[in-house]
Amino acid sequence: MVYLRIFIEGPFPSPHRGRIRRQERQNYRVRKPLNVAVIGAGPAGIYASDILVKKTGGNVHIDLIEQMPAPFGLIRYGVAPDHPRIKGIIKSLHRVLDTEQIRLLTNVHIGRDITVDELQQHYDAVVFATGAVGDRHRDIPGAQLQGVHGAGEFVGFYDGNPRFEREWDLSASEVAVIGVGNVGLDVSRILAKTGDELKVTEIADNVYDSLAQNKAETVRVFGRRGPAQAKFTPQELKELDHSDNINVVVSPEDIDYDEASLEARASSKSTDLVCQVLEQYAIRDPKKAPHTLQIHLFEQPVEILGEDGRVSGIKTERTELTGDGSVRGTGKFTTWPVQAVYFATGYRSDAVDGVPFNSEKNVINNDGGHVIDEEGAIVPGLYTTGWVKRGPVGLIGNTKSDASETIGMLLDDAAAGTLPSPTAGDITEAFADKGIDYLTWQDWQRLDAAERALGEREGRERKKYVEWEDMVAHSRAQ
């Protein structure tokens, strides 16, 4: 047993320790070095890996294992293509993956290619950061009609996720989007823009071919509560108006606040800015543009209407504030003619075979970092972070603090000597025995270069390959 000096940056809100002052030093009695697998190479997994490297002073080996052929998760497959500012985060993630203590292994499906029990034979600890890409269950009457979609399905299409559709029916001239968060804004903006506006981005040819046929003229975004309860970020909301083809509309009667709403504005700069932007949209003169994007607040969707099995409209009930930020129905109903409905009401994580999962909350069972079983007992050596730990809420900053909490628990356990002892050698030997065609960081760099070269021919920064086989082939090309 050797001593490893670990620098703690804290605080870690863990039930297993008190608050630790920033930059406080402690000695931990742990094996040297730690050998850790992080499952999921999106922001949550990459930040957890980065924090682990820093807090161990580099005395760690991390295998960052990803199911997709390419890393970066939500940043590559969940951010709208016309958001280069957000996609710039990839540059910082690139720097993390260049760290010598981190080895990227992609194109590996945990639970199918290799089991969790097998993984634990190779590592002191396994951290699950598998994110959330599915759509939450839709229980509104009419949700089964043709023309009803989950936002995640559409995002997967236009972001070129190889697990999603290659073509999309955009024949609806009037569209409803349910949900007043940033995903709802992304979906609405993509639907309201023209294909040519988006062709300068990294979208693949199949995505452009569908978007070029888009017939949407009116996009209606519905939220059941008011301005102070909307989950937009101010910048996202402002960016709706950057397109000359979109007239953003908010009805003046949708600008209303109760006591709790005013308190929310006073206590949050972001909330106040969102309210200000919505107020500006509500009072300005209409913008001359071919497409209208109207944000409807205080309208609760209650039923999707259909004819011959297809969407023909959506019925909403007018709501009103109750004083505490909640709303109640007024009994006033409106029917809006639409031919397609998109639910942007949240993502859903999928279970990982061999890991305790809460199917009601759609998260891995955990106590804030440790994976726990149905009885609440800690499963030794298993941890979780990101959306699969806490649900699909929060921004990048939340992901970092979330990862710090989980890694803090892992290092506490390492110091206490309670981590399991691996019994097998390098995981790539097991991959070879099983015939798993894994890819590496160097392989990603080849795919990255191929996509950039493809885009450069058309004056773009990048153009994505979307077929799984193509991604693997370009990763292997010499």
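Let me begin with the word buried, which here means a relative accessible area under 20%, while exposed means over 50% and partly exposed covers what lies in between, with a 1.4 Å probe and protein chains only as cover. What we have on the screen is a predicted model, in which local features need pLDDT of at least 70 and side-chain atom pairs count only at pLDDT 80 or more, whereas totals for chains, interfaces and linings use all residues. Residues are numbered from 1 along each chain as its sequence is written, and side-chain values use heavy atoms, with hydrogens and water left out.

Let me take the whole chain before any single residue. It has 17 helices and 22 strands, where helices (H or I, at least four residues) and strands (E, at least two) are DSSP runs numbered from the N terminus. The radius of gyration, taken over C-alpha atoms, is 24 Å, close to the 23 Å that the globule rule gives for 478 residues, so the chain is as compact as a globular protein of that length; the rule itself is 2.2 Å times the number of residues to the power 0.38. Along its principal axes the C-alpha trace spans about 70 × 55 × 40 Å, and 55% of the 478 residues count as buried.

The contacts deserve a word too, a contact being heavy atoms within 4.5 Å. Among contacts between residues at least 6 apart in sequence, 74% join residues at least 24 apart.

Helix 1 runs over residues 43-55 and reaches 18 Å from its first C-alpha to its last, close to the 18 Å expected at 1.5 Å a residue, the expected span being 1.5 Å times one less than the number of residues. After the helix comes Gly-57, whose phi is positive, near 60°.

Two other residues give a more open picture. Lys-315, in strand 14 (residues 310-321), is partly exposed, with a relative accessible area of 28%. Neighbours within four places aside, Lys-315 is in contact with Gln-300, Pro-301, Val-302, Glu-303, Phe-333, Thr-334 and Thr-335, and its C-alpha is separated by 6.2 Å from that of Ile-304, 11 residues away along the chain. Arg-163 sits in the loop between helix 6 (151-158) and strand 9 (174-178), and with a relative accessible area of 41% it is partly exposed as well. Not counting residues up to four places away in sequence, Arg-163 touches Gln-67, Met-68, Val-133 and Trp-468; from Met-68 it is 95 residues apart in sequence and 9.4 Å apart in space, C-alpha to C-alpha.

Finally, the backbone. Most residues other than glycine have a negative phi. Asn-107, however, has a positive phi near 65°, lies in the loop between strand 5 (102-106) and helix 5 (116-120), and at 13% relative accessibility counts as buried. Asn-362 likewise has a positive phi, near 55°, and is found in the loop between strand 18 (357-358) and strand 19 (363-364).
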